[in-house]
Amino acid sequence: MSESTGLGESRVEKILNLLLDPHNPRLPESKQGISQPELAEELDLGFEAFTIAESIASHGFFKSEPLIVIPSDSEEGKWITVEGNRRLTALLALAREDIRANFPDPDKWNELAAQANVTLNTEVPIVVV
């Protein structure tokens, strides 16, 4: 289901179709354009993605806080998250063992992921702009 808002189209999308922003302005210039797993690791290290993951594991993903996305130029059917990269990092780490394996403390992430009901097919709210 989708609906138009003043900002853009509001809908849900599977986590597997969402990408971290490789040009996230929060990241240093030297980290611009790195791979998705590297981006997730960087966001976990510097921006406390684990705290967000704990909230998602306990309370679910709040529908009132959609990710803001744009269509990917390079991958058909994929969306680049321009607002909400820390939340997407938390979701990706809960859903993907290969992502959390690169984090400094994968054991705490694995324990949290076992409690969470998050998979790559989990749908989360997005706004397409």
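Reader: Which residues form the aromatic cluster?

Author: F50, F103 and W109 form one cluster. Rings of Phe, Tyr and Trp (its six-membered ring) count as a pair if their centres lie within 6.5 Å; planes under 30 degrees apart are stacked, over 60 edge-to-face, and the rest tilted. This is a predicted model, where local features need pLDDT of at least 70, side-chain atom pairs count only at pLDDT 80 or more, and totals for chains, interfaces and linings use all residues. Residues are numbered from 1 along each chain as its sequence is written, and side-chain values use heavy atoms, with hydrogens and water left out.

Reader: OK, how many aromatic pairs does the structure hold?

Author: Two. In one of them, the ring centres of F50 and W109 are 5.1 Å apart and the planes are at 80°, so that pair is edge-to-face. F50 sits in helix α2 and W109 in helix α5 (residues 106-115), so the contact ties together parts that are 59 residues apart in sequence. Helices here are DSSP runs of H or I with at least four residues, strands are runs of E with at least two, and both are numbered from the N terminus.

Reader: And what about F103 and W109?

Author: They make an edge-to-face pair too, with 5.0 Å centre to centre and 65° between the planes.

Reader: Is W109 buried or exposed?

Author: Buried, with a relative accessible area of 0%. The cut-offs are under 20% relative accessible area for buried, over 50% for exposed, and partly exposed in between, using a 1.4 Å probe and protein chains only. F103 is buried at 3%, and F50 is buried at 15%.

Reader: Which charged end sits over the ring of F50?

Author: That of K108, 4.3 Å from the ring centre. To count, NZ of Lys or CZ of Arg has to be within 6 Å of the ring centre and within 35 degrees of the ring normal.

Reader: Switching to α2. Where does S58 lie, and is it buried or exposed?

Author: S58 lies in helix α2. At 57% relative accessibility, S58 counts as exposed. The C-alpha atoms of S58 and A116 are separated by 7.3 Å, and the two residues are 58 apart along the chain.

Reader: Now the strands. How many bridges join β2 and β6, and are they parallel or antiparallel?

Author: Six bridges, antiparallel, with β2 covering residues 9-14. Two strands pair if DSSP finds at least two bridges between them. The partner of E13 in β6 is V124.

Reader: What about β4 and β6?

Author: Strand β4 (residues 67-71) pairs with β6 in the parallel sense over three bridges. L67 has I126 in β6 as its bridge partner, while I68 stands opposite V127. β4 is also joined to β5 by four bridges, and those two run antiparallel. There, I70 stands opposite I80.

Reader: How many of the residues in β6 are buried?

Author: Five of its six, so to speak mostly covered.

Reader: Pockets next. How much space lies in the largest pocket?

Author: About 210 Å³. On a 1 Å grid over the protein atoms alone, a cavity is a set of points where a 1.4 Å probe fits but cannot get out, while a pocket is an open set with protein on both sides within 12 Å along at least five of seven lines; lining residues have an atom within 4 Å of a point. Grid points are joined across faces, edges and corners, and the volume is the space filled by probe spheres set on the points.

Reader: Which residues lie nearest its centre?

Author: G60, F61, T122, E123 and V124, out of 15 lining residues. The elements giving two or more residues to that lining are α2 (49-59) and β6 (123-128), and β6 gives the most, with three. The lining divides into nine nonpolar, four polar and two charged residues. Ala, Val, Leu, Ile, Met, Phe, Trp, Tyr, Cys and Pro count as nonpolar, Asp, Glu, Lys and Arg as charged, and the others, Gly among them, as polar.

Reader: And how much space lies in the second largest pocket?

Author: About 180 Å³. Its lining includes N24, P25, R26, L43 and I52. The largest share, three residues, comes from α3. By type, the lining has four nonpolar, three polar and four charged residues.

Reader: Why is α3 largely enclosed?

Author: Nine of the 11 residues of this helix (residues 85-95) are buried, so the rest of the structure largely encloses α3. Among the buried ones are N85, R87 and L88.
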